[in-house]
Amino acid sequence: MNAVVSESNDWLEVGKIEDIPKLGSRVVKRTEGDIAIFRNSDNEVFALLNRCPHRGGPLAEGIVYGKTVTCPMHNWCLGLHNGEAVAPDEGCTPTYPIKIEGEKVFLSLQQQNDCEAETE
Amino acid sequence: MKEKLVLIGNGMAGMRTLEELLKLEPDMYEITVFGAEPYPNYNRILLSPVLAGEKTIDDIILNSREWYSDNNIELHTGSAVCEINRVKHTVKTEAGDEFKYDRLLIATGSNPFIIPVPGHDLDGVIGFRDIADVDAMIQSSKDHKKAIVIGGGLLGLEAANGLMIQGMDVTVVHLLDSLMERQLDAPASDLLKTSLIEKGLNFLMEAQTTEIIGDQRVEKVKFADGSELDADLVVMAVGILPNIELAKKAGLHCERGLVVSDTMQSFDPRIYAVGECVQHRGNTYGLVAPLFEQAKVCANHLATLGYGRYEGSVTSTKLKVTGIDLFSAGNFSGDEDTEDIIFQDPKAGIYKRLVLRDNKLEGAVLYGDTVDGAWFFQLMREATDISDIRQQLLFGQAHLGNSGHGGGNVAMAMSDNAQVCDCNGITKGEIVVAITSKGLFTLDDVKAHTKAAASCGSCAGLVEQLLESTLGGDYTTPECKPVCKCTDFTHDQVRAAIRDHKLTSMQMVFDYMEWRNPDGCHVCRPALNYYLISSWPEDAVDDPQSRFINERAHGNIQKDGTFSVIPRIWGGKTTPDELRAIADAAEKFDAGEVHITGGQRINLLGIKKEKLPEMWDFLGDRGLVSGHAYGKALRTVKTCVGSTWCRFGTQDSTQMGIDLERLSWGSWMPHKFKMAVSGCPRNCAEATIKDFGVVAIESGWELHIGGNGGVKVRATDMLCRVTTAEEVEEYAAAFIQVYREEARYLERTAPWLGRVGLSYVKERILDDEAGRKALHKRFLVSQEIAQNDPWKARAKGEYAHEFTPLKSLGV
Ligand code: SRM
Ligand SMILES: Cc1cc2nc3c(=O)[nH]c(=O)nc-3n(C[C@H](O)[C@H](O)[C@H](O)COP(=O)(O)OP(=O)(O)OC[C@H]3O[C@@H](n4cnc5c(N)ncnc54)[C@H](O)[C@@H]3O)c2cc1C
Ligand code: SF4
Ligand code: FES
C-alpha cells in the first residue's frame, strides 16, 4: 500500500488499525517530534511528521479526506502519501513508511520522502 | 479510445472552458487547440496597461506553452482554421491540414469594426484588439506624433490614454455628444470628459468621419462638416463584430452572432460555442465575466454532467485608466417605472446614481467614489430587497466599523506598499502583481494565491476593488456560489435537499447530490454535519471527524498545539467556590496563563491535550461545565448587575442572562452566537453588538438582533418590546431557531440579517404568532438532545482515543 521500503527498516508495532478513527489520526510521541498516523476511508494508513510546513501546526488535528489532510491552523492541505502541500501552497513535511500485517500497524522511523523539515 | 475535442480560438472564453472542463474531467478528451495568433492564451483585458507601458506581454500570458503540454493539449498557434466540415467532422487549417473532431468548440471572439470610409485600408489605420495592434501603436508612437482615436467608448478611451502616455498627441473623435454612452449617463460622462481633458486628451464630439486621407500612410482625417485633422495614426474603436464567418460558412445558424442554447450548443449538437462570437437569448457580450459564466456551463455539458444552464448575465464595467475611478452596472438609465437615487458633488468630482425597480437595485453608475461598486453589483445579481436599507443604500456598506487595514477603503488611493490584509500582512502591490502575473480573476483566486482576505475577511471589499481596477470588471461568479469544489450545489440547495428528502447522514448527501469527492473536504464536511444535525436533531448522528479540531476536542487549539479551557460562567455571575475550583484547576493542570476573557469568563490557556479529560472531570465535580468558547454554538451571555445592585437598574438583568444561557447553552449554530442583557439603556453589557441583545426598560424588555463586534461592528436592529420574562425567552428561542434553520453555515446573524432583511425576521417572529411558537417548540426539541455537557461525557471516557497518544517512544 505504501511505497516500497528497504529491508533494513526496523519496524515498530504502533497499534491496531481500529485504534485509528476512519478519516482521523492518532499520534506517536517522540522526543524528535511526534508522528501523526492517519487512516483514510479506504483504510489506507499514512505516517507524517506532526508538523505543518507552514507554521508548525499539528497535522494530526486536521480534517482528513481522500489522500489529504487540512491543517487546523490556517487550512494548508497536505498529501498524506507524499507530504507535499497542495498548490498553490508550497512546502512539504517528512513522511514515514507504514506496514500493515493483519490488524497490526507497523511504523518505520526512516524518513520516506526527501523533504527537509523546517525546524522552527 | 478517447473522444476528440477541438477548440477553434485560443482566447479567453475558449481556454477558460477547457480549464473548467479539466477541473471536472481531467482526461475525458484528446484536446487540440487552434489559435490564429502566434501566442499562447493571454489576458486580452490587460492590453490597455501594456499599451500604457504599465505591463509587458509576459506579464499577461494566462496559459504558458508548458501548461498546454502539462495538460496534454495539442496547441497550434499562428494557425487559423478556415473550414469546418460538419459531415466528415473535420476542421481544415489555412496551411491545409485536416483534423477530426467528435466535439467542436467555437470561440473565435470578435473583430474590431473598421468603418468602411475611403482610405480605411491605408497604413497606420488599425483596430485595438490584439498584441499585434498594440505593437503597431507602440511602434507608431516612437516615430510619429499625432494620433486620432475614433470612438469614445471603453476601448477608445483606454487606447487614447495609452497612446498619450506613450507620448503622442491624441484626439478622441466621438459620433455622439457624450462619452461611453453605453455605460454612463450624461452627468457621469461629463465628469469623465473633464478629468480626461485635464489629463491632456483632446476631444472632438459629434463628429462623423467621412474619409481618411493619405497616399501610403494616413495623413489626415476628414469629417462630415468638411473640417480636417492631421494624423499619422488612426485607431478605430467604434465597436466589435462577432467573428462568425467560419460558422456561417459551415452553415451554422447565425444572426448577429452564432446562436446558442442555454447549454451553449449551436444548432449542430456536436458543436458548442462560447465567448464574444455567440448570441444567447438575443444578446451578445463584450466583457469577460459573462463569458466565464458561459465557459462554466459549457464545460459542465462537455463533461456530460448535463445540468448547467446559462441564463444570461448582468455585467459591470470599470474603465482601466489609472487615476479615474468609475463603475457602471446593469440598467443605469432606467425607464418610466424605475426610481433613481442620486448623489452629486461636482466640486469633489463625485456622482452616484442607483436605479431601483420595485425595491430591487437594477443599475448603478458611480463616479469618483466606487468603493461600494462590488457591493451594489452583488445586491443587483442577488436581487436583494433593499426596502430596509433604502435610506443608507447610497452611502454604501458603511465599512466604518471594520477593524484592520487602518479603515482604508479606497483601494485605488492606497500606495503599493500599503497593507491590505492585516491578518497575513499582504500589501496592495503584492496582490496586484499576483492578479496579473498569476492570471487571477476572482476573490477566491486571490485568497488561494496570496492568502489576502483568507483569514478574517475584513479586507475582502478592498481586494474586490483591486480586482476590478486591475481587470476592469467584477469576476466573482454570481450569487449561487457552490458549497465547495466537491459540488456545484449551493448551501441553500443542499440544506433544502437534506430537509425535503430526509437525508440524515453525510453518505446520503454525497450519494443523493452526487458529490465529486467520496469523502468531501474540509470545507463541506463541517457544513454538512451542521445541516444534518440541525435539520434532523433526532435522527442524524454527529460526525466528530467532520468537525474542526476545536469542536472535536472541545477546547480552542492554540498556536503551540495546546488547548484553552473556558468553563461556563452562567450570565457572567460567579461564586467563590467556582473561582476556587478554577484556581485549583489552573494550578493542578499547570495552565500557562489565566486570562479574563472579553466574554465575562476565565480562560485557562496552554493545557496539554492529554490532560483535558482529567481537568474536565475535576471541574465537572465542582459543578463547572463547558463554555463552548470553541464552538459554532451559543457562546456567552454577558450581563450587568442590574436592579439587584445598580441604582439605575430597571430589571434583574443578571437573572435574565442566566435564564437565557440555561435555555440555549449547548445548541449548535451556523456560526457562534452571543447574547447580552443590560439592566437599563446605559447598556453596560453591550447588548447592542450581540447576536441577540436584551435591554431592560421600566415597562419590560427591549429585544435587539443581529449585532456583531469583531471584524466588522454592526449595531443591532431593534426587534420589539415585550413585558414578561417568558416572552423574552420565547422570542429569543424563536429567533435562534429561524437563524439555525435558515442561515448558511459560517454566516453570523449580522450578515444573515443583512441578507434576508429585518422585515422578513419581523414577519416570522412578530406577525406570525403560531409560527413563533412552533419555532420555539422546535428549538426546545433539539435542545433536549443537544444539552448534555460534552466535557462530562469525555471525562467519563467517551472518545478517549482523541486525547491519548497511539504510542509513546521513550518520552
Ligand atoms: C478568549 C477570547 C479572547 C479573550 O481572551 O478575551 C477570544 C478568543 C478567540 N476568539 Fe474571539 N475571543 C473572545 C471574545 C470575543 C469577543 C468579545 C465578546 O464575545 O464579547 C468578540 C467580539 C464580539 C463578537 O464576537 O461579535 C470576539 C470576536 C472574535 C471574532 C470575530 C467574530 C466576528 O463575527 O467578527 C473571531 C473570528 C471568528 O470567529 O471567525 C474570534 C475568534 C477567536 C478565537 C476562537 C480564534 C481561534 O479560532 O483560535 C480565539 C480563541 C483563543 C482561545 O483559544 O481562547 N473572536 N471574540 C474571548 C473569549 C470569550 C469567551 O469567554 O468565550
Ligand atoms: C484592449 C481591450 C481591453 C478590454 N478590456 C476589458 C475589460 O476591462 N473588461 C472586460 O470584461 N473585457 C475587456 N475586454 C474584452 C475582453 O477581452 C473580451 O471580451 C474577451 O477577450 C473575449 O474572449 P473571446 O474568447 O470570446 O475572444 P478572444 O479573447 O478575442 O479570443 C478569440 C481568439 O480566437 C482567435 N481566432 C479567431 N478566429 C480564428 C480561427 N478561424 N482560427 C483560429 N483562431 C481564431 C483569435 O485570434 C483570438 O485569439 C477588452 C478587450 C480589449 C481588446
Ligand atoms: S484572541 Fe481574538 S483578537 Fe486576540 S489574537 Fe486571537 S482572534 Fe485575534
Ligand atoms: S500551520 Fe498549518 S496551515 Fe498554518
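Predicted model: local features only at pLDDT ≥ 70, side-chain atom pairs only at ≥ 80, totals over all residues.

Residues are numbered from 1 along each chain as its sequence is written, chains are lettered from A and ligands numbered from 1 in the order in which they are written, and side-chain values use heavy atoms, with hydrogens and water left out.

**The helix pair in chain B**
- Two packed helices are described by the angle between their axes and the distance between the axes.
- For helix 21 (residues 653-664) and helix 22 (residues 725-742) of chain B, the axes come within 11 Å and cross at roughly 40°.
- Those axes are lines fitted to C-alpha atoms, for helices over the stretch in contact, with angles running from 0 to 180 degrees between N-to-C directions.
- Helices (H or I, at least four residues) and strands (E, at least two) are DSSP runs, numbered from the N terminus.
- In the contact (heavy atoms within 4.5 Å), helix 21 of chain B brings residues including M656(B), L660(B) and L663(B), while helix 22 of chain B brings V728(B), A732(B) and I736(B), among others.

**Ligand 1**
- Of the 21 residues around ligand 1, N556(B), Q558(B), T597(B), G598(B) and K672(B) come nearest; to be near, a residue needs a heavy atom within 4 Å.
- A polar side-chain atom of K674(B) sits 2.8 Å from an oxygen atom of ligand 1, and one of N603(B) sits 3.1 Å from an oxygen atom of this ligand.

**Ligand 2**
- There are 33 residues around ligand 2, and E37(B), R129(B), E276(B), V288(B) and K320(B) come nearest.
- V288(B) has a backbone N or O atom 2.8 Å from an oxygen atom of ligand 2.
- For R44(B), a side-chain N or O atom is 2.9 Å from an oxygen atom of ligand 2.

- Most residues other than glycine have a negative phi, and most peptide bonds are trans.
- The peptide bond from A87(A) to P88(A) is cis, with omega near 5°, and P88(A) lies in the loop between strand 7 (77-79) and strand 8 (95-96) of chain A.
- L23(A), which isn't glycine, has a positive phi near 55°.

Conventions. Polar contact = N/O pair within 3.5 Å; in protein donor to acceptor, adjacent residues only side chain to side chain.
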